[in-house]
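Hello,

Here is the model for your files. Please open it first, then read my notes below.

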Amino acid sequence: MAMVLQNAILCDLDPGRVESGSLRIEGTAIAERGVHVVGKPHDEVVDCEGCVVLPGLVNGHTHLYSALAVGMPPPPKTPHHFLEILEYVWWRLDRALDAESIEVSARIGALEALRRGTTTLIDHHASPNCIDGSLDRIERGIDAVGLRGVLCYETTDRHGAEGCAAGIAENRRYLKRCARRSSGRFAGLVGGHASFTLEDESLDRLAALTDEFDTGVHIHVAEDRCDEEDARKNRGAALMDRLIEHGILKEKSIFAHGTHLTADAIERLNECGATLAHNARSNMNNAVGYAPVDAFRGPVMLGTDGIGGDLFAEAKAAWFASRDHHANLTPARVLKMLAASARRASAALGITLGKLEVGAAADIVVTDYRPSTPLSADNLAGHLLFGMSSGDVATVILAGAAVLRDREVIHRDLVADRNEAIEVAQRLWGRMAELPLE
Ligand SMILES: [Zn+2]
């Protein structure tokens, strides 16, 4: 059965375009776009009542394992800087994860994303005491909700050579698994935590894996000053030189943050065309500073870095942070960041996301946002930043099928999922409390 969305304001992000019209969805893709597409017998016809319809949003950098961290007890010591935030908070959480909490966390994170109009998640996962098979657990959590995912394991030398080897093996195992399928639902990247927790040899092994699978590395870069300081003090090279020397900087790589990259490093990144993932709320939360996104000429995506799945909120935060730091950004540039996330996910999954055009995947957000002021391509970004919010997301279609309808999740019992998550989170927090500081 096909579905026809009539009487919609179709808002494309890539490039920005606003048209009143209709879409016909057949199978998993958009089959027709026009001013008024008429439904055929047996078609499901949805009257969008003059509201905004958007392509499903893509989260360019997230950590689904943090979904059960909401409201967790404070750390045993108060962190005073970024490294202590990692040591006292996030590295305790990831060590406490087991197979069950990984999957439940991914499912809860995916449910939260779906309800905010996010349909694809580019995830960066860590669970040092449960590495083998962890990406399958993440996939199952996402798949239960019906979203798409681009997954990797964040390899690190924090837990010695054995832990590093297990991280690399998990990336390879999952990449192999994805290579055998071509569903457009899940894909892999090569995950690395960050330069400051990876030895030279480990970086080389990550780069070799990208060559083997013709993909890129997904890694935190210069999130805090400590990354550059570690490279210069302990590794004998500037951070970007080190990443280049060991084959990490490549066009298909994703560098998350870039908060403290030097002008020279940004230039090298621009020349390469690698993708940056900007996470404004996370950067503020960790008080690591503002990423100079206006200096990046290549693709810049928006990510939440594990702070929920709401890209409407992230876009607003990215805008306000840019204003607060006197950055030379425009609302249209923030719109472009949402488009860049969709482009990067499209490349990984081998399908077209982020576009309301014939042939594109039918990942579509139907809102009940009916503008109160004129709306056109010229001011779409203004409506996104100052009018719309994730509260306007009413229905989400994924690969041609509704997964959220009138704000109700179709395939899951949300109450049961949340009750289970509360129990799993309680056990997870209990294990965290018993862990010694590293
Ligand atoms: Zn991150």
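**Ile266 and its surroundings**

Ile266 is in contact (heavy atoms within 4.5 Å) with Leu261, Pro292, Ala295 and Phe296, leaving aside its neighbours within four places in sequence. This is a predicted model, where local features need pLDDT of at least 70, side-chain atom pairs count only at pLDDT 80 or more, and totals for chains, interfaces and linings use all residues. Residues are numbered from 1 along each chain as its sequence is written, and side-chain values use heavy atoms, with hydrogens and water left out.

Ile266 has 6% relative accessibility, so Ile266 counts as buried. Buried means under 20% relative accessible area, with a 1.4 Å probe and protein chains only. The C-alpha atoms of Ile266 and Met240 are separated by 8.7 Å.

**Helix 8**

Ile266 lies in helix 8. Helices here are DSSP runs of H or I, at least four residues; strands are E runs of at least two; both are numbered from the N terminus. Helix 8 covers residues 263–272, and Ala265, Ile266, Leu269 and Asn270 are buried there. They line one face of the helix, because they fall within an arc of 140° seen down its axis. The arc is taken from the directions from the helix axis to the C-beta atoms. These buried residues pack against helix 7 (239–245), strand 11 (254–257) and strand 12 (275–278). Gly273 follows helix 8, with a positive phi near 85°.

**Zinc ion**

His61 (NE2), His63 (NE2), His220 (NE2) and Asp305 (OD) coordinate the zinc ion at 2.0 to 2.1 Å. His61 counts as buried, at 0% relative accessibility. His63 is buried as well, at 6%.

Best wishes

Definitions and conventions
Buried < 20%, exposed > 50% of the residue type's maximum accessible area, 1.4 Å probe, protein only. Donors = N, O, S within 2.8 Å, 3.2 Å for Na, K, Ca; no water.
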